[in-house]
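Subject: Structure handover

Hi,

Here is the structure I promised to pass on. Please open it before you read the rest.

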Amino acid sequence: MSTHIARGRIPVTAVETHYPTGADVPYLVEARHVKKYFPIQKGLLNRVVGHVRAVDDVSFGIRPGETFGLVGESGCGKSTLARVILRLQGASGGEVFYEGRDVLKMSGSEVRRLRREMQIIFQDPFGSLNPRFLVRDIIAEPLRVHERMSAKERDERVVELMRLVGLDASRRNRYPHEFSGGQRQRVGIARAIALSPKFVVADEAVSALDVSVQSQVLNLLMKLQRDLGLTYLFIAHGLNVVRHISNRVGVMYLGKMVEVAETDELFRQPLHPYTAALLSAIPRPELNRKRERIVLAGDVPSPANPPSGCRFHTRCPFAQARCREEEPGLREMGSGRVVACHTPLQ
Amino acid sequence: MTEYLLRRILQSIVVLFLVTVFMFALVHAAPGGPTHVLLGPGMSPEAMKIQEHNMGLDQPLPLQYLHWLKDMLTGNFGYTFKNHIPINTIIWPTVGNTLILMGAAWVLSLIIAIPWGIYNSTKTYGISDNVATVIAYLGFAIPSFWFGILLQEYFSLKLNWFPLSDMWTVGKQGDIGNLLWHMVLPVTVLALGFLAGYLKYSRASMLEVLHEDFVRTARAKGVPERWVIYRHALRNALIPVITVLGLDLPVLVGGALLTENVFNWPGMGREFVEMALAREYSVLMAITVITAVMVVLGNLLADILYAVVDPRVQLGKKGGASV
C-alpha cells in the first residue's frame with residue numbers, strides 16, 4: 001500500500017482495485033461494474049447509431065447504517081445509477097448486490113418484494129405524488145400492496161407515519177396540491193419509510209426546496225436515520241448539502257465514479273482535480289478571504305461520445321499526455337479512499 | 001356542486017337564448033322564402049302579400065321571434081309551411097333515428113378505441129400500435145361519403161351481404177334484426193371516423209401520464225404494473241379524453257350529413273338538408289335549438305365528469321383549483 005505524503009503532483013503507484021474496499025463491515029448495497037447505456041435512435045427505421053453512456057462501469061459500496069453521498073454535475077449519471085440500483089431501470093451490464101443477492105438478476109415478483117427493503121425519495125415534490133390520490137392513500141398504498149392490514153390498521157399506520165415526518169395527521173384526507181413543497185416532500189418521505197425499509201435512496205430529495213425548508217428536511221432525514229436505522233444513498237449536485245449529512249462521499253463525472261472518500265477527508269484534501277474544482281465552487285460566507293477558485297473551462301463533453309482516456313482530461317488543469325490515452329482505474333489511496341486519476345492531488 | 005350546477009345552467013340558458021336570436025336572424029336573412037317555394041314563380045305580388053300575412057311573415061322580425069319563442073318554450077316547434085304538419089311529429093323520430101345510428105357507432109368506437117389506445121401506450125411502436133396508427137390515419141384521411149360508397153359497392157352490390165341503404169326493408173319496420181342488418185355499413189363508416197380520433201387521444205393521453213414522476217413513484221412502491229396503469233395512470237389520462245367525448249356528444253343528435261345522405265338514413269343530417277332547401281324556417285330552427293341544447297349539455301356533462309375524475313377541480317368552491 002502506497003502512502004505518499006509528498007506534496008506536489010507526483011504520479012503515485014497504487015494498487016488497482018475492482019471496487020472500493022477498505023472497511024471490515026460488509027456492504028449492504030454494492031454496485032460492481034454497473035453500466036447503463038441508452039441507445040440513440042435515428043431515421044425512419046430507428047436504427048441505433050450510438051449509445052449515451054449514462055453510467056459507465058461504476059463500482060462502489062454502501063455500508064449498513066451509513067449515508068453515502070453521491071455528487072456530480074447534472075447529467076453525470078447519478079440518478080440513473082440510483083434507479084439501476086433500485087432496479088427501477090434495467091442495467092446494460094454489471095451487478096448490484098443487496099445483502100448478497102444480485103438485484104439485477106431478480107424476477108419481477110422478487111423485485112416487488114425488494115421494494116419493502118429499498119425505497120426512494122424523489123426530487124420533485126410536485127410531480128412525484130399522484131394528484132388524484134388523497135395523501136392518506138399515497139402513504140398507505142405501499143402497505144396495501146405489501147402488507148396484510150385491515151383498513152383501520154392502515155389508517156393508524158398512516159397517522160403514525162405522518163406524525164413521524166412532522167405532518168399534521170388530521171390533513172390526511174386531503175390532496176397533494178393542498179400541501180406546500182416541503183410538506184409534500186414529507187409526504188414522499190412518509191411514503192418511502194412506510195414499509196420500514198433498510199435502504200433509502202434520496203434522489204436530490206431537497207434540491208427543489210427553499211434553503212430554509214431544505215435544512216428542515218435534512219434534519220428530518222437524519223432523525224429518521226437515527227430512529228429507524230436507515231442506510232441512505234444521498235444524491236445531490238452540490239457538495240455543501242452532502243457534507244452536512246454524509247459519512248462517505250462519491251464523486252461522479254460523466255458516467256464514471258472518480259473519487260470515493262470519507263466526507264471529512266474529501267473536504268480536507270480532495271485527490272481528484274474534479275473534486276477539488278467542485279469544492280472550490282462552494283460559496284463560503286467569510287469576509288476578506290482570498291480563495292483560489294478553480295474554474296473549469298469548457299462544457300461537459302457529451303456522454304454519447306466521451307473523451308478518450310480520462311474523461312476529465314478535456315477540462316482538467318493538470319492533464320498530461322497519458323491522460324488522453326489511458327483511462328485511469330479506481331485505485332486505493334489508503335484509508336478506504338479511492339480515486340480514478342493518474343496524477344492525484346496530494 | 002349544487003351552486004356550480006345552478007350557475008352553469010343559468011349560463012347555458014343565456015347561451016341558448018343568444019343562439020336562437022342569432023339563428024333566427026340568419027335564417028331570415030337568407031334569400032328566398034317559403035312563399036316563393038309555395039306559390040311558384042308566376043305568382044302575383046298581391047298573392048304573395050296575402051300568403052305572407054297568413055303565415056305571419058309580414059310582422060316585424062322581433063315580433064316573429066317572440067311569437068316563435070313563446071311556442072317553443074311550451075314545447076311546440078310550430079308547423080311546416082308546406083303541409084302544415086306539426087314539427088314535433090317530424091323532428092323527434094328523426095332525432096331517434098340519428099341517435100340509434102350515431103350512438104351505435106360512438107359506443108362501438110369507444111369500446112374499441114379506449115382499451116386499445118391504453119394497450120398501445122404500454123407497448124409503443126409495436127405491431128398493434130402500428131396497426132392502430134394506420135387505421136387512425138385512414139379514418140382521418142378517407143372522406144366518409146367515399147368510404148360509404150366503397151362499402152356499398154363491395155358489400156351490397158357485389159357480395160350482396162348488406163342492404164344498400166335505408167333503415168328498414170319495406171314491410172319489416174320494427175324488426176330489430178332487420179334494423180341491425182341495415183346499420184352495419186353506415187355504423188362502420190361512422191365508427192371509423194370516431195375511432196381515428198379516440199385511438200390517438202387515448203394513446204397520447206396515457207403516454208403522457210405514463211411518463212409522469214408519480215407513475216415512477218408508484219413503481220418504486222412496488223405497485224403491480226396493472227395497478228400502475230389502471231389506478232394511477234388511467235385516472236389522470238381520462239380528463240383530456242372526456243373533453244373530446246363531451247365535445248362529440250352533440251354530433252350524436254346532430255347527425256352526419258354525408259353518411260346519412262349516402263345511406264338514405266332518415267336522420268337529422270338528411271332532414272336538415274331537405275328542410276333547408278324547402279326554406280322551412282321552423283324546422284331549421286327546431287334542429288338548431290336541439291343541437292345547441294346538446295352542445296351545451298355535452299360541455300356541462302364534461303365539466304361534471306372532470307370533477308368526478310379530478311379532485312382538484314372543486315366545483316363551486318372558491319380558491320379550489322390551484323396548480
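This is a predicted model: local features need pLDDT of at least 70, side-chain atom pairs count only at pLDDT 80 or more; totals for chains, interfaces and linings use all residues.

Residues are numbered from 1 along each chain as its sequence is written, and chains are lettered from A and ligands numbered from 1 in the order in which they are written.

Chain B has 13 helices and 0 strands. Helices (H or I, at least four residues) and strands (E, at least two) are DSSP runs, numbered from the N terminus. The C-alpha atoms of chain B fill a box of roughly 85 × 60 × 35 Å along the principal axes. Of its 323 residues, 32% are buried (20 or more other C-beta atoms within 10 Å of the residue's own, with C-beta atoms placed from the backbone).

Now the interface. 20 residues of chain A are in contact with 18 residues of chain B (C-beta atoms, placed from the backbone, within 7 Å). On the chain A side, α3(A) gives the largest share, 4 residues.

Last, strand β10 of chain A, residues 256-262. 6 of its 7 residues are buried, so β10(A) is largely enclosed by the rest of the structure. Strands pair if DSSP finds at least two bridges between them. β10(A) runs antiparallel to β9(A), with 6 bridges. 2 residues separate these strands in a hairpin. β10(A) also runs antiparallel to β12(A), with 2 bridges. There, E259(A) has V339(A) as its bridge partner.

Best wishes

Note on methods:
A residue is buried if 20 or more other C-beta atoms lie within 10 Å of its own, exposed if 12 or fewer, and partly exposed in between; C-beta atoms are placed from the backbone. Two residues are in contact if their C-beta atoms, placed from the backbone, lie within 7 Å.
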